[in-house]
Amino acid sequence: MPIHQKVRLIAELHTGINIAMLRPLRGNVDRLLVLALLMRTALTKPERDGAISIHSAALSLGRPFETVRRHIAALIDSGLCHRIDAGVTMSPRFWRSRFIKAKLRYAHDCFVRFVADATAAGAIELPTIRSVGQFTETDGICGLLDLVLALVDQNRNLFPEAVDTAIFSAILHANTQRFAAEGGTLAARGESGATFRQSHAVRVAAIARALSLPDTTVRRRIAAMTGPSGPLMRTRSGTLVDPAWLERASAMACEARHGSMQLILNRVAAAGFPFHAPASAYLGGRPETPRID
């Protein structure tokens, strides 16, 4: 594999959640992040009805106040959130929705898949924190939300806009899928490959369709990330992530507001995540990896 397994698994996790959640939000990646923060707050602050002020939300996301205020207003208008004396929180309608419940269960199981695969591949350091609870669906959802929020925040110096992080993750996931699918064919022919090649490229239309984004938006964002020092490479078959750029960029990552990978894993370990048998934590079974065709 041309990239570290942990990077591949994070791209898979991020892409799966984006595919599942962006369609109802009409491809608005920033709005999805605001929703994720509000949901994370609601699940961990019951003493204040899980509310947060718009000012605090903007600080936590590192986004302009007016931008966050506009997204929250839209979420309130859609009935997903509502205002209370303590600030903004998820609405009762949100928690009652069967559609939302199914998405939350999927999110939980995506988090379990990530930890199970990363553990099996030796891609993460197993926590030594002692368990003080019984791992629940809420714990899995919070772990997933923490990872997604931290991913965007941690890479803001590389991708100032959240939509670029989503597009990059989707391209990386598609590239690695094609690389893995070609592995058997190469082995049968006695060949080997250690990097992405043209046959692993993904087209703009496939990324746009997967993320519910306009083709023109994806094409414009990809163009800005392509070049001698950019993370992406264009070929006649589509777009590839440059593994050499990815290796250099890994040293540039900074600490995220929502915690490092190890801190997030420590939290779920304390909540009772079964690292000795991760598959036992699935609620609906192992989710299929998202496909970008």
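This is a predicted model: local features need pLDDT of at least 70, side-chain atom pairs count only at pLDDT 80 or more; totals for chains, interfaces and linings use all residues.
This briefing walks through a few helix, strand, cysteine and loop features of the structure above. Residues are numbered from 1 along each chain as its sequence is written, and side-chain values use heavy atoms, with hydrogens and water left out.Helices and strands are DSSP runs numbered from the N terminus, with helices being H or I of at least four residues and strands being E of at least two.

**Helix α3 against helix α4**

- Two packed helices are described by the angle between their axes and the distance between the axes.
- Here, α3 (residues 54-61) and α4 (residues 65-77) have axes that come within 9 Å and cross at roughly 115°. Axes are lines fitted to C-alpha atoms, for helices over the stretch in contact, and angles run from 0 to 180 degrees between N-to-C directions.
- The crossing of α3 past α4 is right-handed. A crossing gets that label if the near helix is turned clockwise from the far one by less than a right angle, and left-handed if anticlockwise.
- On the α3 side, I54, H55, A57, A58 and L61 make the contact, and they meet F65, V68, R69 and I72 of α4. Contact means heavy atoms within 4.5 Å.
- Sorted by class, the contact of α3 with α4 has 7 nonpolar residues, 1 polar and 1 charged. Ala, Val, Leu, Ile, Met, Phe, Trp, Tyr, Cys and Pro count as nonpolar, Asp, Glu, Lys and Arg as charged, and the others, Gly among them, as polar.

**The β3-β4 hairpin**

- Strands β3 (residues 232-235) and β4 (residues 238-241) run antiparallel and are joined by 4 bridges. Two strands pair if DSSP finds at least two bridges between them.
- A hairpin of 2 residues takes the chain from β3 to β4.
- Across the pair, L232 stands opposite V241, while R234 faces T239.
- In a regular strand the side chains alternate between the two faces of the sheet.

- M261, I264, L265, V268, A269 and A270 are the buried residues of α12 (residues 261-270). Buried means under 20% relative accessible area, exposed over 50%, and partly exposed in between (1.4 Å probe, protein chains only).
- An α-helix has 3.6 residues a turn, so residues three or four places apart point the same way.
- The cover over the buried residues of α12 includes α1 (5-22), α6 (98-120) and α7 (137-154).
- A269 sits in α12 and has a relative accessible area of 6%, so it counts as buried.
- Not counting residues up to four places away in sequence, A269 touches P127, I129, S131 and F275.
- A269 and I10 are 259 residues apart along the chain, with 19 Å between their C-alpha atoms.

- E12 belongs to helix α1 and is buried, at a relative accessible area of 6%.
- Leaving aside neighbours within four places in sequence, the contacts of E12 are R113, D117, H173, T289 and P290.

**Cysteines**

- A disulfide is a covalent bond between the sulfur atoms of two cysteines.
- With a disulfide taken as a pair of cysteine sulfur atoms within 2.5 Å, the count comes to 0.
- C81 is in no disulfide, and the nearest cysteine sulfur, in C142, is 16 Å away. C81 is also buried, at 3% relative accessibility.
- For C142, the closest cysteine sulfur is in C110, and at 15 Å that is too far for a bond. C142 counts as buried too, at 7% relative accessibility.

**Loop residues worth a look**

- R26 lies in the loop between α1 and α2 (29-44) and has a positive phi of about 55° although it is not a glycine. R26 counts as exposed, with 76% relative accessibility.
- S212, in the loop between α9 (204-211) and α10, is another residue other than glycine with a positive phi, near 55°.
- G227 is placed in the loop between α10 (215-224) and β3, and at 32% relative accessibility it counts as partly exposed.
- From G227 to T216 is 11 residues in sequence and 19 Å in space, C-alpha to C-alpha.
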